[in-house]
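Good morning, and thank you for coming. I would ask you to look at the structure on the screen while I take you through its parts in turn.

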Amino acid sequence: MVAYPRAFREEVGQAVVCDVRRRASELPTLRVLAWLPALLWSLLLNAIGAWADALRGRSARGATSIVGPLLPPRGQTFSWLDVKLGLRMLVKHPVMSVASVVGIAVAVAIGAGFMSFAVGYVYPDIPIHEGDRLVGLENWDVERNNEERRSLYDFVLWREEMTTVLDLTAFRPSGRNLIGEDGSVEALPLMEMTASGFDLARVPPMMGRRLTAADEAPAAPPVLVVGYDAWQSRFAGDPDVVGRDVRLGNRSHSIVGVMPPGFSFPISHQYWIPLVFDPGALKRGEGPWVFISGRLAPAVSQKEAHAELSVIGARMAAEYPDTHGTFRAQLMPFTYPIMDVNQQGGDSFFWEFLVMSGIFSLLLWVVCVNVAVLMYARTATRRGELAVRTALGANRGRILVQLFSEAFVLSSVGVLVGLGIASLGIRFGTNIVRGELPGGLPFWFDPGLQLPVLLGVAFLTLVAAAIIGVIPGIHATGRGLHAEMGRSAGASRTPMGATWTALIVVQVAVSVVAVPLAITAGWEEVRWEATSPVFDVDRYLTAWISLETEPPLGADPAEYAASLPGRYEGLIRDLRAALDAEPLVEAATFGLDQISAGPRRTLLMERDTLGAPDRVVRAVRVDTRGLETMSLSANTGRLLEMGDSDPEAHPVAVVNRAFVDRYFGQGDPLGRRLHVVAPGRRVAPPDGEEPPWSEIVGVVDNMYANPLDPYVVEPRVYVPMGGHFAAPVNLTVRVAGKDPGLIAGRIRAIATGVDPTVRVGVETLAEQRRASGAVVGIVALSVGLTVLAVVLLSSAGIYALMSFAVTQRRREIGLRSALGARGVTLLRTVFLRSLRQIGLGLGVGLLLLLAFNVVSDGGVFEGIGTVVVVASIALMAVVALMATVGPALKGLRIDPAEALRTE
Amino acid sequence: MTVASDHLPLRSVELDILLSVVDRARHGYAILQEAEARNGGRAGFEIPTLYRALRRMRDRALIATADAPGNEAPDERREYWAITGLGREVLEAELRRLDVMLSTGRVRLAARGGSQP
């Protein structure tokens, strides 16, 4: 309300605030977010309107002469000439325009891009009936600090007991091979969902029927519902598709219905099968992991539903401390569990989102203040011009409108460029996500700049223009302007004062802090980015191979599960034999993890002295051919051998050079013992109990290298994979020549030839690297642009302020020179003054940096930090001195006679 | 001295305000809620617009501040607004104007074979 005239504030300000609060408390959280831009927009527009009302009222009472007309009379508020002048100013001051536009564009691009992505994914308008009343439910394990999705047991209980959430649905994305009558095999991503999912979506089928509760019974005949796109592409729009039988994995499914176009609830799927389970046989904390969703009952708020769920969750925790003791049941927006957004202790993501938005807005504010400083310097040089305009009859309001228009043109160009970059970034990011998700983009995601974000940006553009144009304008058109009219045009001179010195000091200080921080952050990105594989990625291909876990109809599930390890072994044996016979294949290895990646795991060492940050290593479970396939040889000790994977054998491990460098330095690693903690387990073994140590028997070279910082290369542990294959197996192949894609089809054919239900996902390492590189690229680009913007703006700001300050003294220099002062003495006076200002700014900046260093625990001067700080200070000092030298020398060159005459 | 026709046509927010306060005094938020209820859930204006319009209409003597109705607990943060004699005249004039437009529209639509009134 501070933007409103005092009379307005005093009269209705409290009522406005009170009503806004009431409205915010009545709306659901998501709606508040959508409403905020509209409210802010209205606040801004009405503030301008209220000022206009106030001034009109005053002028009607004849008070104009006392306060001066701040706003122009009606009809003169806007003119295209102002826009034209604004464009002309852009061209006339190219350096300043580029610096300002880059700064604003970067801030807007990063802010709008991030916010649009976040809004689109996590806070969308879910495009189904009453989509805003959909919620997600999950158990949060406070001990593991992670969600627990093996919650079918809880699902059944919640479905029975909860009255505040209806149509409770459990679903899990999975996959099966669609096996044609001709033996063709196609891997299908499909959704296993309880029939209630169709009630939740409230979309009737286009043909046939949807899933029903009866389909969920273990003994029910398997059925399948297909989506419109799948019906068109896979079944050629066959009007008799309902009733057809298709083989999915081990079972034949009868197609019972087709969903209408556009339906891909609950994520992005085109095939739905019932989530089959026997509610009576469920055990707590067991079973497959599932997502759970539902719809808020009519007139029930999310808070009330959360309260009911918490009560049930607390009762479960008390009743079953063994399985549920550490669980907190929680209710959240529908998208949260699917997008893996966590919510502990209230809606923390929402607040994080707001904080992030705040930080991005802050970046824009900082940029705007920097640009405003530039503008201030420019506007100050135009005081002569402004004085002439005033003399010709322009009132203060008219001049401010002109300055605002110029700033608006500048900020609009910056904002448009920023939105363009953001839009490209979103398209780029969306393509990456589309490639990463098996079924494509989630149905609610609408790629592009989101409306609330655009409204927010429009609002910020106006605010930016106000900061950039009007604030310096108000200063420049202040009291001194009339005095200016007494001087000849062009002989503009602003009294040098404490304000100017303060501006220079603040600008230098902020630059000294911002430039090193931005460069250090940018460097950090470059440092990580510089890690590259030592092996030739173009010759490798990796594949995930998994056996169907759903038993054939009528088979005993336990017996079928028990047969899986043996079948995996058989499959690997057959695949290995077939690959060995392939002339293109040079080497092939099977493992439980991809050998060139591997999951990050916690490490324990015998006689452990590791700190928390050092505990993370990549742990890779490989077969005996793994290291050779990656062309790694034993540096010290030996590689893994045949006998090592024997369950009875003495457990061993091979580590890489980075592991030795980090944990042993010059010491001998052979014979030392380590333990990699399995996921989900406690880090510390129970008291007095020793974990199953593995002995280090060999050291191999690093698979990755980083020329900038070897410490970035991750330590790796290679352990022999045991004899148990109940999970998907990874295959990595090195081929002769440069086209591993040639072998991809062969691998699929060989695997499905052995067993048509086997699912295979093949990717070349080059493709994998491109995908991950693209994500890193976006981040690196954002950071790079930010660094560029900060450096550009800081340098331009300092240059503008210093050169203006010295220019103001040019006439004085000329005059002194005319009166006989020596050039050297004059230069020294000017430089001493500049040096004092710069020195003060550097001092304040350094103090701030030291404070940051303390807060960030030595982060500022870490690594290249010291060098960057020194370089930044040197850069700022050079820029400031350059800005001093030019105008000072020009002053010396002024003809003394000329200087005397104008005085 | 202004006459009712000087104030016509009314902005939609002004019409909504007069319609809300014609039978009894109401505070700002109640006016907003009334307007939402009348317009199918969307008032068509935001809170700042409402308050600016209230002040403007007060200055034009279409409405005036009033005491809280007897059945509502007084709240010092709330300002209640009631219609004035001039406001009532303006509202009647505006409704007559709208009525003429409504009839004209219906007759012309019917003449062109559109929907019947």
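I begin with two helices of chain B. Helix H1 (residues 12–21) and helix H3 (residues 47–59) of chain B pack at an angle of about 75 degrees, and their axes are 10 Å apart. Some terms are needed here. Helices (H or I, at least four residues) and strands (E, at least two) are DSSP runs, numbered from the N terminus. Axes are lines fitted to C-alpha atoms, for helices over the stretch in contact, and angles run from 0 to 180 degrees between N-to-C directions. H1(B) and H3(B) are therefore roughly perpendicular to each other; angles of 65 to 115 degrees are given that name, while those under 35 count as roughly parallel, those over 145 as roughly antiparallel and the rest as oblique.

Which residues of H1(B) and H3(B) meet? From H1(B) they are B:Val13, B:Glu14 and B:Ile17, and from H3(B) they are B:Thr49, B:Leu50, B:Ala53, B:Leu54 and B:Met57. Sorted by class, this contact of H1(B) with H3(B) has six nonpolar, one polar and one charged residues. Here Ala, Val, Leu, Ile, Met, Phe, Trp, Tyr, Cys and Pro count as nonpolar, Asp, Glu, Lys and Arg as charged, and the others, Gly among them, as polar. Two residues are in contact if their C-beta atoms, placed from the backbone, lie within 7 Å.

Residues are numbered from 1 along each chain as its sequence is written, and chains are lettered from A and ligands numbered from 1 in the order in which they are written.

Let us stay with H1(B) and turn to one of its residues. B:Leu18 lies in helix H1 of chain B. Is B:Leu18 buried or exposed? B:Leu18 counts as buried because it has 23 C-beta neighbours inside 10 Å. The rule is that a residue is buried if 20 or more other C-beta atoms lie within 10 Å of its own, exposed if 12 or fewer, and partly exposed in between, with C-beta atoms placed from the backbone. Leaving aside residues up to four places away in sequence, B:Leu18 touches B:Leu62, B:Ile83, B:Gly87 and B:Leu91. B:Leu18 is also 8.5 Å from B:Ala82, C-alpha to C-alpha, although 64 residues separate the two in sequence.

Next comes the sheet of chain B. Three strands form an open sheet in the order S1-S3-S2, with antiparallel pairing. Strands S1 (26–27) and S2 of chain B are the edge strands, each pairing on one side only. Two strands pair if DSSP finds at least two bridges between them. S1(B) and strand S3 (residues 80–83) of chain B are joined by two bridges in the antiparallel sense, and B:His27 has B:Tyr80 in S3(B) as its bridge partner. H1(B) lies across S1, S2 and S3 of chain B and runs at about 90 degrees to S3(B).

I now move to chain A, which has 26 helices and 24 strands. Of its 903 residues, 39% count as buried. Strand S1 (residues 134–141) of chain A is mostly covered, with seven of its eight residues buried. S1(A) runs antiparallel to strand S10 (residues 291–296) of chain A, joined by four bridges, and A:Leu137 stands opposite A:Ile292 in S10(A). With strand S11 (residues 327–333) of chain A, S1(A) pairs in the antiparallel sense over seven bridges; there A:Asn139 stands opposite A:Ala329.

How do the chains meet? In the model, 19 residues of chain A are in contact with 14 residues of chain B. The largest share of chain A's side, 11 residues, comes from H1(A). By class, that side has 10 nonpolar, four polar and five charged residues.

Finally, confidence. pLDDT is the predictor's confidence in each residue, from 0 to 100. Its mean is 80 for chain A, where 86% of residues reach 70 or more, and 86 for chain B, where 88% do. Over residues 59–76 of chain A, pLDDT stays under 50. Where pLDDT is low, the predicted coordinates should not be read in detail. The model scores ipTM 0.82 and pTM 0.64.

Note on methods. This is a predicted model: local features need pLDDT of at least 70, side-chain atom pairs count only at pLDDT 80 or more; totals for chains, interfaces and linings use all residues.
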